[in-house]
Amino acid sequence: MSGTSRAAIDGPAGGDRPVVEAVNISKRFGSTVALSEAGIVVRRGETHALVGRNGAGKSTLVSILSGLTAADAGAVAFDGRPAPPLGDRDAWRQRLACVYQKSTIIPTLTVAENLFLNRHARGSGRLIRWSELRRDAERLLATWSVEVDVRQPASTLSVEQRQFVEIARALSFGARFIILDEPTAQLDGAGISRLFTRIRDLRAQGVTFLFISHHLQEVYEICDQVTVFRDARHIVTAPVAELSRQALVAAMTGEDVTMPEADRRPPSPGAAVLLSVRDLVTRSGAEISLEVKAGEVVGIAGGGGSGKVEVAEAIVGLSCPAGGIVAVDGRVLRPGSVPDALAAGVGLVPQDRHREGLVPLLSIAENVTMTVPHRVGRHGIISPARRDGLARRTIADLAIKASGPQVPVSDLSGGNQQKVVMGRALASHPKLLVLITPTAGVDVRSKQTLLGVVEDVRRRGTAVLVVSDELDDLRICDRVAVMFQGRVVHETAQGWSDNDLVAAMEGVDLHHV
Amino acid sequence: MSETLSAVASTPPPPPSPSAPPPRSLALARLRDLALVPAIIAVAIVGFIVNPVFLTSDNIVNVLQSMSEIAILVLAQTIVLITGKMDLSLESTFGLAPGIAAWLIIDPALTRGLGLDLLPDAWAVPVVLLVGALVGAFNGLLIVRFGLNGFVVTLGMLIVLRGLLTGISGGQTFFALPASMTYLGSATWWGVPASIWVSLLLFAAGIVVLGYTRAGRALYAIGGNVDAARAAGIRTDRVLWIALIVASVLAALAGLLISGRLAAVPAAQGSGAIFQVFAAAVIGGVSLNGGKGSVFGAFTGVLLLFMIINVLTLAGVPAQWTNFLNGTVILVALVVSRITGGKAQT
């Protein structure tokens, strides 16, 4: 990998001037220091990773680099020339483009119109020529081999297609430097590998990337250089190949972090079966049967479209299954009924915390106690004191960074929001805890805390079901069932190798190829 | 780990990402504009069966004229709704703009003390339009500049403007309007009332502007995702402001038409009309959440609504039941458009 990166850096294009060079950048927001004399240098043709925990200053740097915010001090230069004034959006767009986590696609308009928004092809009388616009859009997408029908509304695009469309749009402005802000956060394994193929192709065509990610293995897979930010400061920039994983994590956190792994002790054979799923068939046709005993952690792994999320949602009552029986501690759940699942003792961390997990404007206390009104009050009247007490315990147990239970969850970082969701799942002292992609979009430390909590819960005798394609999540499981295209294709006890598990999720059997 | 992923990536290429939906749904998407056309034809047939008068040219002109003023309000509301805002005050602007013009122009000697006789007759139309522009600009100031909630701002404006009209008129009706005010509402061009021409021309202009100009598409972009619109270089605040002003000017113009037709400006002119306006826009496929809908769709919405009312009148339904039936028509039309549109309405 270092060989290719060397070639890219020393390549012919653009001499040795860095594509972007930010020096001594400082930025304050009120009393918080977002960046303190930080900087970054990205050379032409490389794929440069920017990593750091939530709050390290990555997003501030991105918004300064993309000209959305002015730095208090310091200088930004593109190709050795000083950055254009903030108001000149077109000039910025020719220098770099940013694909944010939040979509900048307008869902109600067609793909073609999104690509040429506010620069539609026009004919006589300055009227838009739709046929020409569509042809332009088709040509643009074909240039970058994005296979999407330009006439479809953008709302029908998958996350992956949307990113490709956004990248193509960015390139059409003439930018050859693209910032990808956590592009893999919402993609499954196959989508990620397609995205990486695309990034490699574009890099071969001379496009430079700044890649922001929480997933360190992605940094190792796709990037040449890595820059680490911590606490608003630049910590280190080094070729990826020269920085070990341990050293990288240490640079991000300022200390060593090791992810929790399952104890090597299997649960006692006599433990009660707390979850029993028999012949469950979801509406989309995924099938599963499994049992989870008290104190056991079982994983369901699989890529997007494997049906793992669908079966999990059917188990907890979020969706009504087509058939099969789910029993929690001997009690058969009414299909498709969340209240019944809650009453039976199921705690859930749903897949999308923004959509199903949290009410963003309500406080931590209200969110945490949402499923357990009976524990914070009597006769339907809620006691604020008891509610806040419960929330304070959750904040302490899960190390949520917040000044108190009254803070609205919309003010928290992603990792801390996810802890609130976890706290809510645990508030009812569940017999069964179901976690769907519990660490998606969460920084390294929060991930460690969240997974550590699972271990504690397990020790207290709760059955845990982890539904994820994230290897760190699955590592805490006693055994893992791998789903592919709606069927369990592989079951493995703890001690699996990463390669085997990933291969099984992708539907590839490494031993029989 | 990295070995595995790249190994997977280099095995037979992954299945192509789910590509375009079948062409059928694309065709349907483009036909959504025409979703109400079958309903309009059906109502025309029913109307003809109920009473053959329905399809005579006189009756058709009658329907078009009776809807022309409300239709312009629907056009105005559509422009605002597409940007993701809403303007309730249009119905009060509809009454206030001609009311102010009449108040400034008419002679108190002729009208039992109403009016000021401050301006010459020729000022009528400019004053009407100016009042509309000022109301729109003030709405824009509160909504765009100060970031207040559009629904509540325009609700407040609805009440304030209605109160203003009631105040200056003493709750009475302005009459003895100058010819310059009554011309557009009462003239006939090529055998068809001018108000029909005006409303049809405005709709045609709306279709072109919203469908074929960058400014018009900017309205959709803002309603669909305002941050993305800003990132695309659209001056979102300015466009919103202009949209609100244009909508209010259109409402003022509609008010001028109806004042001209009735040769009077009652203090309650337009009161309660906003509900019908919203209903027509939503029936016509305009989303209350912004970013969706078309001017042509809005036109079919208002046309369907008025055709049904006309059929009911021809069928001899007593006037006391009109409101009940109006409401029912709105609900039924919503259900019908939900079925033909196929998607949950927002």
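How many bridges join strand β13 of chain A to strand β20 of chain A, and in which direction do the two strands run? Four bridges join β13 (residues 297-301) to β20 (residues 463-467), and the strands run parallel. This is a predicted model, in which local features need pLDDT of at least 70, side-chain atom pairs count only at pLDDT 80 or more, and totals for chains, interfaces and linings use all residues. Residues are numbered from 1 along each chain as its sequence is written, while chains are lettered from A and ligands numbered from 1 in the order in which they are written.

**Sheet in chain A**
- An open sheet of six strands has the order β16-β19-β20-β13-β21-β22 with mixed pairing (strands are DSSP E runs of at least two residues, helices H or I runs of at least four, numbered from the N terminus; two strands pair if DSSP finds at least two bridges between them).
- β16 (346-349) and β22 (487-493) of chain A are the edge strands, each with a single partner, so one side of each has no neighbour in the sheet.
- Within β20(A), V466(A) is the bridge partner of G299(A).

**Helix on the sheet**
- Helix α16 (residues 444-459) of chain A lies across β13, β19 and β20 of chain A, at about 150° to β20(A) (angles run from 0 to 180 degrees between N-to-C directions, with axes fitted to C-alpha atoms, for helices over the stretch in contact).

**Helix pair in chain B**
- The axes of α13 (residues 273-283) and α14 (residues 295-314) of chain B come within 7 Å and cross at roughly 120°.
- The crossing of α13(B) and α14(B) is right-handed (the near helix is turned clockwise from the far one by less than a right angle).

Notes
Two residues are in contact if their C-beta atoms, placed from the backbone, lie within 7 Å.
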